[in-house]
Amino acid sequence: MEVKFNVRRYDPESTDAVDHFQEYLVDMDDSSTVLDGLIRIREEVDGTLSLRCSCRSAICGSCAVRVNGEAGLACNTKIIDVLSLDGKTVTIEPAGNLPVIKDLVVDFQPFWEKIKSVDPWLQPEGEEPEAEYLAPDEDMLHLAGVVSCILCGACVSDCTVMEVDSNFLGPAALAKSYRFVGDPRDDSSQQRFKTLNGYGGVWDCTRCMKCVEVCPKGVAPMDRIMALREQVMESGYKNTNGARHANEFTNSIKHSGWLDEKKLVIKSFGIFNIKAMIGLIPLAIRSQRAGKVPPIFHKNIPGVENVRRIFEKVETKK
Amino acid sequence: MKYAFYPGCVSRGACPELYSATIEVCRILDIELNEEALKGASCTGAGVLQEKNLRLGDTLNARTFAMAEKSGNPLMTICSTCQGVMSQANERLLADPEYLASINEDLKEEGLEYKGTADPKHLLWVIVEDLGIDFLESKIVNKLNGLKLAPFYGCYIVRPTKALGFAENSGRKQALEMVIESVGAEVVDFPGKTLCCGFPILTINPENSVNMVANHTIDAKDRGADAMVTPCPLCHLNLDGYQPNAASARKREIDLPIIHLPQLLGLALGISPEKMRLNKHIVSTKKLLSELVISP
């Protein structure tokens, strides 16, 4: 089949160093991958195209790019599965949220900095064992997904928070942190929680699930971030907007069966957070004027006692 | 067709216009709403309760599903976030019969049992899959010709695709565009349409949240959109309510009305804008409505 590759190009050394799309028409097999196509372009059509790849087997994590706007490994994406509506075109761009060095090659330095900042190594305490630090198989099972991470950067590429805030630790680093927090041999969780609870940590995730969707290895970074939030709160960090938000949300359902929006906003910011309270005034006035305000008295849903009973039953199970 | 109606917290709270528009639109589209069936249903947890206790969220959603089953009507929601949270809960409950049985133990006292037949569906999917686009078109009295609309889905109605059944229901990926075109309007495509509006971090990191509002509304506006349409009331709240903040952060005018999906349908079905409280938005719809070329 003839495939039209629409590839985003950028060469900082060219005289007109602006990024642009370049089309390549290449004949490919039905079984070919996007990486097969890119390599054919580089080797047979245009030797100036730069890309990064190695194993071609979804193990090394080198070839993450955006295919039709969504991150994934070029080597495990079949062309036939991603052809656009015209049945012919595939658009390839470099991974997002990382600086482009040339064409499809991005600079991973900011990625590694964030991974490093979560201390991605085991920190056991106490006397060193004679041989390895051992852990029971059953205690490691829940880490099976997260240790599959191949550090390809697909999740970082498409993270909707990193797009607006380069300070956010991001899905890859946070999933890596979970890998050590959840390891029974690690004794530095309290220290790790301090970092995770801070600015740019677990609370900045929007829960958009982009990382879960694009991860080629089933790591589900967002699910790990949610698990970390629970542990951060349980370890005693309760006085952040994020923790207050989760607590007040839960309380609202427990007591009335549904969400008390007014109370949630105020309690999340903290009622004594004068600056935030003043900041809310224009919104409150705008909303009031438009009639877009929740009822003054927040009524319970009918049969709320059944909801409360479920809370009591399930919460005691934990 | 009759549905067990799950309005969600926001249409009963800060977005009363969504509720009124839905009621009006469903009447014209012959969608009978059983409002009694889920009167006692709780919030889905919106993914936030799930941060604290996943099992608790699954139990509350199983309770809602059991109530819908009991009514004999399929469950319909009007919120992308409710849709996603319910679909994810349903996936977990159906994947593990032992888990479902233990959850049902906690519902027993109320006389409820979730048998596993619920298939929660957003109004958007009900229109595209149950009623059909042809049926919708047969009811349209005002073609919204000339109107340029940017779709904005809301994360939870597009991800994760597996729990949302995208493979089995291929129309879900383009459902909003299909509806926009069927009412005669033009789709303004833009990459942000399936990304995050920033609502979940509104009280946690307001600066990031407002930046997301700014990026999406400005991009849609600059691509020529007259308005944005969304099936998610949470996206509406942020994109509408915080648009003035986004405009002042970027030091420019944005002025992009954010229309709920039922309000768009209502305009094409001949329902008056006042009845759907289109005059009750933060970003005024006045200019949009006055410029709207309505042709029967």
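**Briefing: strands, domains and the chain contact**

In strand β5 of chain A, A:I92 is the bridge partner of A:V7. This is a predicted model, where local features need pLDDT of at least 70, side-chain atom pairs count only at pLDDT 80 or more, and totals for chains, interfaces and linings use all residues. Residues are numbered from 1 along each chain as its sequence is written, and chains are lettered from A, with ligands numbered from 1, in the order in which they are written.

**Strand pairing in chain A**
- β1 (residues 2-9) and β5 (residues 89-94) of chain A run parallel, paired over 4 bridges.
- β3(A) joins β5(A) in the antiparallel sense, with 3 bridges, and in β5(A) the partner of A:R66 is A:E93.
- On terms, strands (E, at least two residues) and helices (H or I, at least four) are DSSP runs numbered from the N terminus, and a pair needs at least two DSSP bridges.

**Domains of chain A**
- Chain A is split into domain 1 (2-106), domain 2 (109-234) and domain 3 (250-317); such bounds come from an automatic or database domain assignment.
- The C-alpha centres of domains 1 and 2 of chain A sit 29 Å apart.
- Between these two, 15 residues of domain 1 of chain A touch 15 of domain 2 of chain A (contact: C-beta atoms, placed from the backbone, within 7 Å).
- On the domain 1 side of chain A, β3 (64-67) and β4 (70-73) each give two or more residues, and β4(A) has the largest share with 4 residues.

**Chain A meets chain B**
- The contact draws on 52 residues of chain A and 46 of chain B.
- In chain B, α3 (48-52), α4 (54-71) and α10 (206-222) each supply at least two residues to the side touching chain A.
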